[in-house]
Amino acid sequence: MLVNNIQLTADGRLRHLLTLEGLPADLLTHLLDTAESFVPTNRQAVKKLPLLRGKTLINLFFENSTRTRATFELAAQRLSMDVLNLDISTSSTAKGETLKDTLKTLEAMHADIFVVRHSDSGAAHFIAQHLTPDVAIINAGDGRHAHPTQALLDMLTLRRHKGDFNQLKVAIVGDILHSRVARSQIHALNILGAAEVRVIAPKTLLPVAIEDLGVRVFTRMADGLKDVDAVIMLRLQKERMQGALLPSEQEFYRLYGLTSDKLAYAHPQAVVMHPGPINRGVEIESAVADGERSLILPQVSYGLAVRMAVMSHLIGAQVPQP
Amino acid sequence: MLVNNIQLTADGRLRHLLTLEGLPADLLTHLLDTAESFVPTNRQAVKKLPLLRGKTLINLFFENSTRTRATFELAAQRLSMDVLNLDISTSSTAKGETLKDTLKTLEAMHADIFVVRHSDSGAAHFIAQHLTPDVAIINAGDGRHAHPTQALLDMLTLRRHKGDFNQLKVAIVGDILHSRVARSQIHALNILGAAEVRVIAPKTLLPVAIEDLGVRVFTRMADGLKDVDAVIMLRLQKERMQGALLPSEQEFYRLYGLTSDKLAYAHPQAVVMHPGPINRGVEIESAVADGERSLILPQVSYGLAVRMAVMSHLIGAQVPQP
Amino acid sequence: MLVNNIQLTADGRLRHLLTLEGLPADLLTHLLDTAESFVPTNRQAVKKLPLLRGKTLINLFFENSTRTRATFELAAQRLSMDVLNLDISTSSTAKGETLKDTLKTLEAMHADIFVVRHSDSGAAHFIAQHLTPDVAIINAGDGRHAHPTQALLDMLTLRRHKGDFNQLKVAIVGDILHSRVARSQIHALNILGAAEVRVIAPKTLLPVAIEDLGVRVFTRMADGLKDVDAVIMLRLQKERMQGALLPSEQEFYRLYGLTSDKLAYAHPQAVVMHPGPINRGVEIESAVADGERSLILPQVSYGLAVRMAVMSHLIGAQVPQP
């Protein structure tokens, strides 16, 4: 709840998007409804709305991610915002300036939204705490903590393709331990009232007390996938693995990789999702990734709409400066 | 003709620009006419037209080229497009994602045009084959294969400064073997009906059966430059040279570098062109590069107009999505 | 005066901004007045004016500076300009092209303003000399020579917070020897008629004959800060230090670092400024940097307004091309 003191205004509007944890269901539904209204925008001949003209978004990437940066940049452009891309790792902090000084300096340039990507859990929260409320922070992934816009786009994907959450059984498969995406998905699914949220992983890739987040835990695909309506595969974060949590990629694929054979355990109409970029033959078989039940590419499209929705909510909650 | 199944629509409009080979003369002329209409745009007080507002162009550079990227970015801005620059070498492919997956992901962001630069011949063609027809591909240079917008701007330069092609004798000089620019120029000149197309190079820098492209081959400047109306020097692609195809830069300059002395073999009003960046004292003498018959800088200006023309043709050929 | 033949038009308008040295007081005042009018723009809901729509600004950074590049990019966006960022060190010059050729090529793309950052003193001046008058050059820092927009934003800060210059005593403290910022500040303060301009530094960090620029020289803070209305701290350019000009950072801080104790020598209402990024505990104590008399963050905001003012003056002085 402490976080919500920061990320919500007194009357419950979204001031920052740091995590989905603790957000009210009607706010999430409202965000998804707004995103829904932007889906056609990205398919029109003129993919641009004057909604946020004269507003500035700064992409503050302390950790490189071309794909995520691109979706935020495009989403902002399609709302007519001005965008500034800053790769902070190679910038002022290299000159010995503290992170806080860098932030205060950027804030003084009167940006409206900072999109923050950082390898440390809690970085976006730290930044929101140290800036004035005139700047809204969007967490674009912080360490193992949260990646709320990714989870929101997954929810939009589920809602558009599977309908109401209260009928849905969803399994999240893979490296739960290191995944900020999984944490945000679990919060989103529970807030939105999913019938059942499952995680499937080897014990070494399960966080301690993960059940407390409101999930059923499985270590075998045959059990965990049974009757689910959606399978969300996680990216195997090779770069995050420390030590020998896994015997090998081949072993992982054999046990947890989503093949047509394993997908057969799920409900016959079950859909397949993945936040990308995918590792073919490690997390997922090509026949499944490219199959007709795969929603991997629609997820990318909905990602634009979701980010546009978040941006317009954040700006809408800002109080005009005197 | 196979390529044209991809790069032309059923009614003959330009869907992708991968190569000039096989394009009809009237389409090239139409592109040059459109480019002509954009030349004044770049000289006006307000250098911007609302023509492609709400369209997105992605610069997909797998091979670094600041200059080429800049001309495409400026051309797109002057048509009011949104532009996203992606340096793919340092991006997702480094994370193990396949090229095709990267492309499908970017396509899902609903871009309208991809500008592709790649060190492999055929890369732009490969990309066009694997995307939906909703995205137009402009080849901004692929290996030794083609660089069609460079050749088109050369054609615009020739037409504006020398008039009708059917009276023109043009010599292309230098490293023909490794030059995608030369290949595109040869196709363009022949399609537009140039009176004579010559290549001048040492035997080691001539592709096998180059005559089949419709050129006269010379190995000595004194012979090849005789009476030509335009001399197009190529950049010596030092980074592309494999092994000892050339004795030395000095030797190359002595035999093939365009000096005032050698230019005297050409027609007295012959113009001098070069795609840039130039290597002074290697391909060309400074007195010639900076002389009054040099069109090297006008070529750059026309490059903007040509790229604007290509972009507007490509968008014009796109079918609105349902 | 030679420089002014380049940077002023025949009727005294600003054609380039290379240095403040030798500019008339009324021109500086006029620039500050214009900047004043842009201060509210950066605080409005819609932070954008259509003033320079259809104009192109190119950030030509031969030396990396994310912060400076960002302020120019934002300032240009807020005047509705198109912006192109070019990192030249990794670009054409690496391919062997001469600087002059790179510049002429960019000029041929019909940009309106080049913002130039370079590690060599005189680089911006060199560039202005070699381009046509159609392109305006803004010096964003060249070697030890000048950083005129930084000094202008400092003047705007002083004028807004301390009023008329003719009552002002200002001390500039630190590495005067290597500081382009200090040189530009000294010129600006003298042109605008400051009551007294002082520099405070160890002898090893004072240029020869610095008194000739119209400053009083002090080597001790206790003497130099006495009764001043403003203290401008300089960044300790560690990367510029050659050899043993300083015993250590600790020693520098003990003698010249701005602490609350030392600030007590100044006038009780004296303000504190710094161009940033600051080195806490080297040039300045955190209590001072974050104190209520610190104008370090307002300086950043005024930097946007000043750059917008310079850009609009430069474009206003351009003669429409035929």
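This is a predicted model: local features need pLDDT of at least 70, side-chain atom pairs count only at pLDDT 80 or more; totals for chains, interfaces and linings use all residues.
**Binding-site residues**

Let us start with the record. An unreviewed UniProt entry lists A:Lys95, A:Arg180 and A:Arg235 under "binding site".

A:Arg180 belongs to helix 7 of chain A, which covers residues 180–191. With a relative accessible area of 4%, A:Arg180 falls under the 20% cut-off and therefore counts as buried. Its side chain has a polar contact of 3.1 Å with the side chain of A:Glu63.

A:Arg235 sits in a loop of chain A, between strand 8 (230–233) and helix 9 (249–256). Its relative accessible area is 8%, so A:Arg235 is buried as well. Here the side chain reaches a backbone atom: the oxygen of A:Pro277, at 2.5 Å.

**How chains A and B are related**

In general, two copies of a chain are related by a rotation about an axis together with a shift along that axis. For chains A and B, the turn is 120° and the shift along the axis is 0.0 Å, and chain A then lies on chain B with an RMSD of 0.0 Å. This is the relation of a three-fold axis.

**Aromatic pairs**

Over all chains, the structure holds 3 aromatic pairs. Two of them are set out below.

| Ring pair | Centre distance | Angle between planes | Class |
|---|---|---|---|
| B:Phe252 and B:Tyr256 | 5.6 Å | 35° | tilted |
| C:Phe252 and C:Tyr256 | 5.6 Å | 35° | tilted |

The pair in chain B lies within helix 9 (residues 249–256), and because B:Phe252 and B:Tyr256 are 4 residues apart there, about one helical turn separates them. Both B:Phe252 and B:Tyr256 are buried.

In chain C, helix 9 (residues 249–256) carries C:Phe252 and C:Tyr256, which are 4 residues apart and so separated by about one helical turn. C:Phe252 and C:Tyr256 are buried too.

**Charges over rings**

In chain A, A:Lys262 lies over the face of A:Tyr253, 5.9 Å from the ring centre. In chain B, the charged end of B:Arg307 is placed over the ring of B:Phe72, at 4.8 Å from the centre of that ring.

Key:
Residues are numbered from 1 along each chain as its sequence is written. Chains are lettered from A and ligands numbered from 1 in the order in which they are written. Side-chain values use heavy atoms; hydrogens and water are left out. UniProt positions are given in the numbering used here, feature names are shortened, and annotations may be inferred rather than shown by experiment. Helices (H or I, at least four residues) and strands (E, at least two) are DSSP runs, numbered from the N terminus. Buried means under 20% relative accessible area, exposed over 50%, partly exposed in between (1.4 Å probe, protein chains only). A polar contact is a pair of N or O atoms within 3.5 Å; within protein, one must be able to donate a hydrogen and the other to accept it, and residues adjacent in sequence count only if both atoms are side-chain atoms. Copies are superposed by least squares on the C-alpha atoms of residues with pLDDT of at least 70 in both. Rings of Phe, Tyr and Trp (its six-membered ring) pair if their centres lie within 6.5 Å; planes under 30 degrees apart count as stacked, over 60 as edge-to-face and the rest as tilted. A charge sits over a ring if NZ of Lys or CZ of Arg is within 6 Å of the ring centre and within 35 degrees of the ring normal.
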